[in-house]
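Subject: Model handover, with notes on helix packing

Hi,

Here is the model for you to look over. My notes follow below it.

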Amino acid sequence: MVKRKPPIDKTEWDGFFDENGHLAKSRDFICVNILERGLHPVVRTEAWKFLTGYYSWQSSQDERLTVDSTRRKNYEALCQMYEKIQPLLENLHRNFTETRNNITHDIQKLYDKDPLGNVLIDKKRLEKILLLSYVCNTQAEYQQGFHEMVMLFQLMVEHDHETFWLFQFFLQKTEHSCVINIGVGKNLDMLNNLISFLDPVFAEHLKGKGAGAVQSLFPWFCLCFQRAFKSFDDIWRLWEVLLTGKPCRNFQVLVAYSMLQMVREQVLQESMTGDDILLACNSLIDLDADELISAACIVYAELIQKGVPQPLKDFLL
């Protein structure tokens, strides 16, 4: 991609809708623009409600007001249910107590203030949302890093029901990439296939001296690369692209490949082994999301040009 145009601002976003609040532009048009340009922070909250499935792309303004009211009531009902069954969970399920302790421990490690000392997040509210998510989501359960994800949603929206539901929908949209017991292994396998196809020399090195290095990169997928960026805006920028499904499904694998290419020359020149490769990969921080997205789009173009082999084709296209 060339240097991107300014992000979609409030005036342009509002222009995507007709007088009844129906989208006058196609979903595809909006998603391509989000890929190429990103979203201004002012419109991010509403746009993400479409991208995650919180709102239907076909909904009117009135229908979205109804949806938001329903989501709030459903969240309150879940909170009431949780309060009733909490004693039972504490007595009968050892995993519940252990998970609750893990959540509390993880949240305490979060920085809750900005450099000026202003409080950014409410840790008690965060803990409640994570516990409720764990109780309600038997597939995803709780994994380390979810507390950081929910913090980003709490920073984005105003109300707890919005934070809770956006996180649930985000997990559903990204479960085949970020949920460790569902999709992370598949992503790592596809990353290995991608390296073998596009960069046989690097693949050969990784199979030998770098054995296990790629499999050790599972935190990249579990956290959707959250710790690789220099700002929250960069994280949101990548995540909203992943939610668009553009330019392809499971774009996160191309992002991971692009990150590996950043350390490729160092790995080969120094003939690094697995642990050293992992250290080099973990040093990839303070990245610029636009540059990484652009690099991954170039990888996608290269794949299309060469002809995507199976099983990458099924996974990406």
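Which residues are buried in helix α14 (residues 274-282)? They are G274, I277, A280 and C281. Buried means under 20% relative accessible area, exposed means over 50%, and partly exposed is in between (1.4 Å probe, protein chains only). Helices are DSSP runs of H or I with at least four residues, numbered from the N terminus.

A word on sources. This is a predicted model, so local features need pLDDT of at least 70 and side-chain atom pairs count only at pLDDT 80 or more, while totals for chains, interfaces and linings use all residues. Residues are numbered from 1 along each chain as its sequence is written, and side-chain values use heavy atoms, with hydrogens and water left out.

**Helix α14**

Back to the buried set, G274, I277, A280 and C281. These residues cover an arc of only 125 degrees around the axis, which puts them on the same side of α14. The arc is taken from the directions from the helix axis to the C-beta atoms. An α-helix has 3.6 residues a turn, so residues three or four places apart point the same way. On the other side of α14, D275 and L279 are exposed. The cover over the buried residues includes α10 (200-207), α11 (218-222) and α13 (252-269). Contact here, and below, means heavy atoms within 4.5 Å.

**Two helix pairs**

Two packed helices are described by the angle between their axes and the distance between the axes. Axes are lines fitted to C-alpha atoms, for helices over the stretch in contact, and angles run from 0 to 180 degrees between N-to-C directions. Angles under 35 degrees count as roughly parallel, over 145 as roughly antiparallel, 65 to 115 as roughly perpendicular and the rest as oblique.

Take α4 (residues 61-92) and α6 (residues 123-136). Their axes come within 10 Å and cross at roughly 75 degrees. α4 and α6 are therefore roughly perpendicular to each other. From α4, the contact uses Y75, L78, C79, M81, Y82, I85 and L89. From α6, it uses K128, I129, L131, L132, V135 and C136. By class, the residues of this contact are twelve nonpolar, no polar and one charged. Nonpolar covers Ala, Val, Leu, Ile, Met, Phe, Trp, Tyr, Cys and Pro; charged covers Asp, Glu, Lys and Arg; the others, Gly among them, count as polar.

Now α12 (residues 232-244) and α15 (residues 289-306). Their axes come within 9 Å and cross at roughly 30 degrees. α12 and α15 are therefore roughly parallel to each other. D234, R237, L238 and V241 of α12 meet A289, D290 and I293 of α15. That contact divides into four nonpolar, no polar and three charged residues.

**Single residues**

E240 lies in α12. E240 is buried, at a relative accessible area of 0%. Its side chain reaches the backbone nitrogen of L39 at 3.2 Å. Leaving aside residues up to four places away in sequence, E240 touches I34, G38, L39, R44, W48 and L51.

E12 sits in helix α1 (residues 10-14). E12 is partly exposed, with a relative accessible area of 27%. A polar contact of 2.6 Å joins the side chains of E12 and R37. A polar contact is a pair of N or O atoms within 3.5 Å; within protein, one must be able to donate a hydrogen and the other to accept it, and residues adjacent in sequence count only if both atoms are side-chain atoms.

L130 is in α6. L130 is buried, with a relative accessible area of 2%.

Best wishes

Technical notes: Helices (H or I, at least four residues) and strands (E, at least two) are DSSP runs, numbered from the N terminus.
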